[in-house]
Amino acid sequence: MVLASPLQRANFTARAIHAACELHADCFSTLDILKERDFGILTGRPIADIPAVAGDSILETDKVTYFLDVPGAETFPDLFARAQQILDHVNESFPNKRVALVGHGDINKMIRAAYHGWTWEQGLLTAYVGNTDVIELPPDDGSDPHAVMRFD
């Protein structure tokens with residue numbers, strides 16, 4: 001099963017994965033809650049604008065400057081809650097199935113954090129994952145991963 005963000009780049013990547021795996025048509029679905037974080041007033045603005053707009057409300061990591069609170073933006077606690085909804089949907093709808101989730105950086109980091117029982121802060125501090133990188137989420141029993149996330 002391939003679940004994709006409705007946003008164009010991730011959706012194109014997900015369709016390519018679906019085709020390459022030669023899956024049935026019913027093994028592809030767009031999942032609105034896989035979309036990227038709403039950046040509020042920073043939507044469409046250059047990364048260089050983050051410090052000026054967010055002020056002290058930022059978290060700097062080795063490769064990313066995360067803004068924590070700007071007008072209109074989805075907060076990380078809200079994004080983390082959405083990530084848990086995604087995991088609940090996968091577990092309820094596709095028990096014991098391998099599922100590819102094709103999304104975006106911030107939501108995928110929150111999915112990984114929720115899966116491992118981390119806080120959203122811990123999730124942001126994990127290693128950077130670039131576009132088209134893959135993360136596997138192994139079940140607790142050590143069997144094959146049942147969710148694979150692809151960043152796009």
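1. A residue counts as buried when its relative accessible area is under 20%. In this predicted model, Ser 5 has a relative accessibility of 0%, so Ser 5 is buried. Its place in the chain is the loop that runs from strand 1 (2–4) to helix 1.

2. A polar atom of the Ser 5 side chain lies 3.0 Å from the backbone nitrogen of Leu 7. With neighbours within four places in sequence left aside, the residues in contact with Ser 5 are Ala 10, Asn 11, Thr 30, Leu 31, Leu 34, Lys 35, Val 102, Gly 103 and His 104.

3. Asn 11 belongs to helix 1, which spans residues 8–20. Its relative accessibility is 9%, and because the limit for a buried residue is under 20%, Asn 11 is classed as buried. The Asn 11 side chain takes part in two kinds of pairing that deserve mention. One is with the backbone oxygen of Ser 5, at 3.0 Å; another is a polar contact of 2.8 Å with the side chain of Arg 15. Apart from neighbours within four places in sequence, Asn 11 is in contact with Ala 4, Ser 5, Pro 6, Phe 28 and Thr 30.

4. The loop between helix 1 and strand 2 (28–30) contains Asp 26 and Glu 22. Exposed residues are those with over 50% relative accessible area. Asp 26, at 60%, is therefore exposed, and Glu 22, at 71%, is therefore exposed as well. Between the C-alpha atoms of Asp 26 and Val 2 the distance is 9.5 Å, although the two residues are 24 places apart in sequence.

5. Glu 22 shows a positive phi of about 55°. Asn 96 likewise has a positive phi, near 60°. Asn 96 is placed in the loop between helix 3 (76–93) and strand 5 (99–103), and with a relative accessible area of 83% it is exposed.

6. The largest pocket holds about 640 Å³ of space. Its lining comprises 25 residues, of which Glu 36, Phe 39, Ile 47, Val 64 and Asp 106 are the closest to the centre of the pocket. Strand 4 (65–67) contributes at least two residues to this lining, and so does helix 4 (105–116). Divided by class, the lining consists of twelve nonpolar, eight charged and five polar residues.

7. The mean pLDDT of the protein is 88, and 91% of its residues reach 70 or more. Helix 5 (residues 120–124) has the highest confidence, at 96, whereas strand 7 (residues 147–151) has the lowest, at a mean of 51. Where pLDDT is low, predicted coordinates should not be read in detail.

8. Which residue of helix 1 has a side chain that reaches the backbone oxygen of Ser 5? That residue is Asn 11, at 3.0 Å. By contrast, Glu 22, Asp 26 and Asn 96 are exposed.

Notes: Residues are numbered from 1 along each chain as its sequence is written. This is a predicted model: local features need pLDDT of at least 70, side-chain atom pairs count only at pLDDT 80 or more; totals for chains, interfaces and linings use all residues. Side-chain values use heavy atoms; hydrogens and water are left out. On a 1 Å grid over the protein atoms alone, a cavity is a set of points where a 1.4 Å probe fits but cannot get out, and a pocket is an open set with protein on both sides within 12 Å along at least five of seven lines; lining residues have an atom within 4 Å of a point. Grid points are joined across faces, edges and corners, and a volume is the space filled by probe spheres set on the points. Helices (H or I, at least four residues) and strands (E, at least two) are DSSP runs, numbered from the N terminus. Ala, Val, Leu, Ile, Met, Phe, Trp, Tyr, Cys and Pro count as nonpolar, Asp, Glu, Lys and Arg as charged, and the others, Gly among them, as polar. Buried means under 20% relative accessible area, exposed over 50%, partly exposed in between (1.4 Å probe, protein chains only). pLDDT is the predictor's confidence in each residue, from 0 to 100. A polar contact is a pair of N or O atoms within 3.5 Å; within protein, one must be able to donate a hydrogen and the other to accept it, and residues adjacent in sequence count only if both atoms are side-chain atoms. Contact means heavy atoms within 4.5 Å.
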